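The sequence and structure are shown first.

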Amino acid sequence: MSERDYAPLSIACVRGLCDKLYEKRKVAGVEIEKMVKDFNDAKNTSQIKKLIKVLGQDLMSSTNPNMKNGALMGLSTVAVGLGKASVDYLPELTNPIVACFSESESRVRYQAAEALFNVLKIVRGASLSQFPVIFDALAKLAADPEQQVKHAAELLDRLLKDIVTESGSVELSSLVGLVRERMYTRSAPARQLAVSWVAVLDAVPDLNVLAHLPDLLDGLFKMLDDPNPEIRRMCDVQLNEFLRSIKKEPAKVDFQAMINILIIHAQSPEELLQLTAITWLKEFVELAGAAMLPFASGILCAVLPCHAYSDEPRKSILCPCIRETAATVNFQLIKLLAAESEEAGGEEAAGEEGGALNLEAVVGVLTQMLHHSSVHTKVAALDWILHLYNKLPKQMCGETERVWAGAVGSLTDAAHDVLRRALAVLAEICSAAGDLQSSPYYYKFLQALLRLLAADENLLEDRGAFIIRQLCVLLNAEDIYRALANILQQEKNLRFVTTMVDILNTILLTSAELYELRALLKDRSKPWSRSLFLALHGCWCHSPVSLLALCLLAHHYRHCNTLIATFGDLEITVEFLTEVDKLVQLIESPIFAYLRLELVGEHSAGLRAALFGLLMLLPQSDAFHALRARLHCLPPPHQPHRPRGDEREGSEAADDEPLDYGALLAQFHAVQAQHRQYRALDRSRDKLYDKPYS
């Protein structure tokens, strides 16, 4: 090329600028600097632009690395010569330099970093107009494989941060957008660069980075799970700094714009990330208060599974912290709902608008949690459901159908804590109407419970009595017994009915929770007592020994004698004798102390006869000898006399309206006849199945 092609540069200057020797490049640089100063003094902008074009386009288009390095040095020298006037030519100076960051030759990339450093050092804050291009180039340099180039990039990064820090006119939204973009790149150096820039921006007092935190938060949390430990450490430090700022200036924070980000990361399998997110949730609920109620379903979805850490402690030291923090968030939400409900009178705490709770979404999460593997998670979900029924009873009526299925399913749970709370929820549902009999769920619940017990023998044997006792505590014991007796009389599986009657009878005779019900049955002077006895009698007929115990409890000794007289017609099995044995043991227990005292009373003939009849049923077992010893201790009976009018024996004299014992006995015979048919049908089926195929 001729000298004219490089004008205003001479051929000698171009050769010196592109020479390998530094001294020759330096001489050429001095010549360019003097030339630029002269042009600038003369305000000869056309010549300056022409010079920059020669360097930035003509020489830069060469494939020779030395030519490119010479052009880069020339552009740097032009900036030195122009001084502050370089601002007028900033794009023309920086664009060719930035383009060289993509060169394959590491010497060119290094020279480009040095050239850009020199230009930015001169123009300082004016370079912010080119910040997107420069920052993008810097991110590329940060990931350069050559250590020398990376070192140059670090110097450039430091200078750029100083410029941004000292400038009062930074366009923060665009800058945050650039930083955020680098957070999601695969390049570890680029991610590290992004975190370092977030820290720098946050450290500038005049920059309100908190306003842009919703744009940065997700990226920071994602990098908290970075494979690079240094990036994780930087993110952890910066997140703690942001949280500290949020606590100081909650009024400047857009909590609602960030809460869903935290909910997502609080469900991460990575424990540090999960703990950090749940810690943030705790602070958000505390600081934002009612504004967090619309997000309660998401928060519960994140924190309730963390209760599982109580079931199987992991090796990580973070697990207890996660569990405790999640429990705190859960408790905060409960308190928040309670406060809002009291303030609004329970009418506006749930709904679709403002700070209201989205009840449908919350119930959806809670019923889903009832299928979780963790006992503590299921317990927490059931506690929440109970809390909602207590605080928002009217609104929960519309959600009962969904809650119902999950609560009934929880009755088969192996954990007593889950079962106890499921029963409490179902009792709350049944009593919501005020009167159990008017509740559409009361009989539905008891029928569902009996179906579960009938289908699962282990549940019936291990938990049946516990369930009945709990129901008698949670609801009215008399109502429970009346309803169960009514439903069981319609049951076709007579073997199951007998088992249930035995369980109900044992609870009735021995459970402390049913003391008042026993007292009611004993007091035959009240019509309600006779009504209860009759309501139970038909069902108790399915178990002869249980029926006998019921009659003893209710002082119907005449009926006891009649029943015992018919026991000889029954099929006397080992199970039957075992039940009689248990009854004798109960007679010797504190429950029947009143009955033993009646044996020495003036009207004890009917009771004595019943107990002697019971003695005759027993083989000579321990129970036989115990009862015989008891009866032998009795004083001689009083001399019988002819009763006057309607005078009757024993405590039955207190009964102003005697029962129709004949009808009751007929009822017993009819039920036992059904059992004989049922057993015969069972035996015929067994024979059919045992018959070999031919």
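## Surroundings of Lys 68

Leaving aside residues up to four places away in sequence, Lys 68 touches Met 60, Ser 62, Glu 103 and Val 108, where contact means heavy atoms within 4.5 Å. The model is predicted: local features need pLDDT of at least 70, side-chain atom pairs count only at pLDDT 80 or more, and totals for chains, interfaces and linings use all residues. Residues are numbered from 1 along each chain as its sequence is written, and side-chain values use heavy atoms, with hydrogens and water left out.

Lys 68 lies in helix α4 (residues 65-82); helices (H or I, at least four residues) and strands (E, at least two) are DSSP runs, numbered from the N terminus. With a relative accessible area of 9%, Lys 68 is buried. Buried means under 20% relative accessible area, exposed over 50%, and partly exposed in between (1.4 Å probe, protein chains only). The side chains of Lys 68 and Glu 103 are joined by a polar contact of 3.4 Å. A polar contact is a pair of N or O atoms within 3.5 Å; within protein, one must be able to donate a hydrogen and the other to accept it, and residues adjacent in sequence count only if both atoms are side-chain atoms.

## Phe 101

Phe 101 is in the loop between α5 (90-99) and α6 (106-123). Its relative accessible area is 6%, so Phe 101 is buried. Not counting residues up to four places away in sequence, Phe 101 touches Arg 109, Ala 112, Ala 113, Leu 116, Ala 137, Leu 141 and Leu 156. Phe 101 and Ser 374 are 273 residues apart along the chain, and their C-alpha atoms are separated by 55 Å.

## Aromatic pairs

Rings of Phe, Tyr and Trp (its six-membered ring) pair if their centres lie within 6.5 Å; planes under 30 degrees apart count as stacked, over 60 as edge-to-face and the rest as tilted. By this rule there are 13 aromatic pairs. Trp 280 and Phe 284 form a tilted pair, because their ring centres are 6.0 Å apart and their planes are at 45°. Both residues belong to helix α14 (residues 271-288), 4 residues apart, which means a separation of about one helical turn. Trp 280 is buried at 0% relative accessibility, and Phe 284 is buried with a relative accessible area of 0%.

The pair of Tyr 481 and Trp 540 is also tilted, at 6.1 Å centre to centre and 35° between the planes. This pair links distant parts of the chain, with Tyr 481 in helix α24 (residues 477-488) and Trp 540 in helix α27 (residues 527-540), 59 residues apart. Tyr 481 is buried at 0% relative accessibility, and Trp 540 is buried with a relative accessible area of 0%. Elsewhere, ring pairs join Phe 221, Phe 255, Trp 280 and Phe 284 into a cluster.

An unreviewed UniProt entry lists residues 458-633 as "domain: Vacuolar protein 14 C-terminal Fig4-binding". Over residues 458-633 the chain is 75% helix and 0% strand, with the end C-alpha atoms 43 Å apart.

The buried residues of α30 are Phe 576, Val 580, Asp 581, Leu 583, Val 584, Leu 586 and Ile 587. Among the elements covering them are α25 (494-510), α28 (544-553), α31 (593-598), α32 (605-617) and α33 (622-632).

How values were computed: UniProt positions renumbered as here; feature names shortened; annotations may be inferred.
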